[in-house]
Amino acid sequence: MKKYIAFVLLLTCALGFSQKKFKQSDAEKFQKKINSEYADAKTSPLMAEDLKTFKALDFYPINQAFFVNAVFEKAVNEKVFEMKTTGTRTPKYIKYGTVTFKINGVDCQLNVYRNIELSKNPEYKNHLFLPFSDLTCGKESYIGGRYIDLEIPKGNTIAIDFNQAYNPYCAYNHKYSCPIVPLENDLKVEIKAGVKTFH
């Protein structure tokens, strides 16, 4: 019985602190997928004149240094709030948790959010939204910050690949209304990974 309990405890710890490994192929798939979507008139956020000449988005070189296994802490007693956007739309979100990690020796912390309406869709019930800005914003990357899509983790770690950071649609087309990165999600480090600024 003692051996069984010890095994269960070990298994719980292993799951709780499970570390994912960086895969170059995952970042390459992301780049291929987003380029394909942006090249297709049916799914592209690009303006008509940009779509005519579009070949591919500009990405930072894929870099393992921008893949982290962050510590995830689920939020408690958070209230639903209306996230500000670049337009008049105010979608409802809830702060789902906090992630902490190090990038290039710098301690970082970000909030992750859950879109209330989107979470009602079975396909997105585990979806988390990670908006962030960093020291590249307004220089090499989009001034308004970037986004990463995540899934609710099963334990207390979560893999974040900044190589899969993408721009809000309003970086390409003024007709879109995009969530504005909350001030608390501004990183004091350069994230030289993911999609660069357009034009």
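Modeller: H199 sits in the segment after β7 (157-161), where helices (H or I, at least four residues) and strands (E, at least two) are DSSP runs numbered from the N terminus. Bear in mind that this is a predicted model, with residues numbered from 1 along each chain as its sequence is written, and local features need pLDDT of at least 70. Side-chain atom pairs count only at pLDDT 80 or more, while totals for chains, interfaces and linings use all residues, and side-chain values use heavy atoms, leaving out hydrogens and water.

Back to H199: its phi is positive, about 70°, although H199 is not a glycine. With a relative accessible area of 77%, H199 is exposed; the cut-offs are under 20% for buried, over 50% for exposed and partly exposed in between, with a 1.4 Å probe and protein chains only.

Look for N77 in the loop between β1 (67-74) and β2 (81-82). N77 is exposed as well, at 78% relative accessible area.

For something out of the solvent, go to R146 in strand β6, which is buried at 0% relative accessible area. What does R146 pair with? R146 forms a salt bridge with D134, the closest N and O atoms being 3.2 Å apart. The pair links distant parts of the chain, with R146 in strand β6 (residues 146-151) and D134 in the loop between β5 (127-132) and β6, twelve residues apart. D134 is buried along with R146. A salt bridge here is a side-chain nitrogen of Lys or Arg within 4 Å of a carboxyl oxygen of Asp or Glu. Side chains of opposite charge can pair when their charged atoms come close.

The R146 side chain has backbone contacts too: the oxygen of I191 at 2.9 Å and the oxygen of V195 at 3.2 Å. For such a polar contact, two N or O atoms lie within 3.5 Å, one able to donate a hydrogen and the other to accept it within protein, and residues adjacent in sequence count only if both atoms are side-chain atoms.

The salt-bridge count comes to seven. Among them, E37 and K33 meet at 2.8 Å, N to O. E37 and K33 are about one helical turn apart because four residues separate them in helix α2. E37 is partly exposed at 28%, whereas K33 is exposed at 53%. D107 and K102 make another bridge, at 3.9 Å between the closest N and O atoms, and both residues are exposed.

K20 is in the loop between α1 (2-16) and α2 (24-39), and K20 is exposed at 58%.
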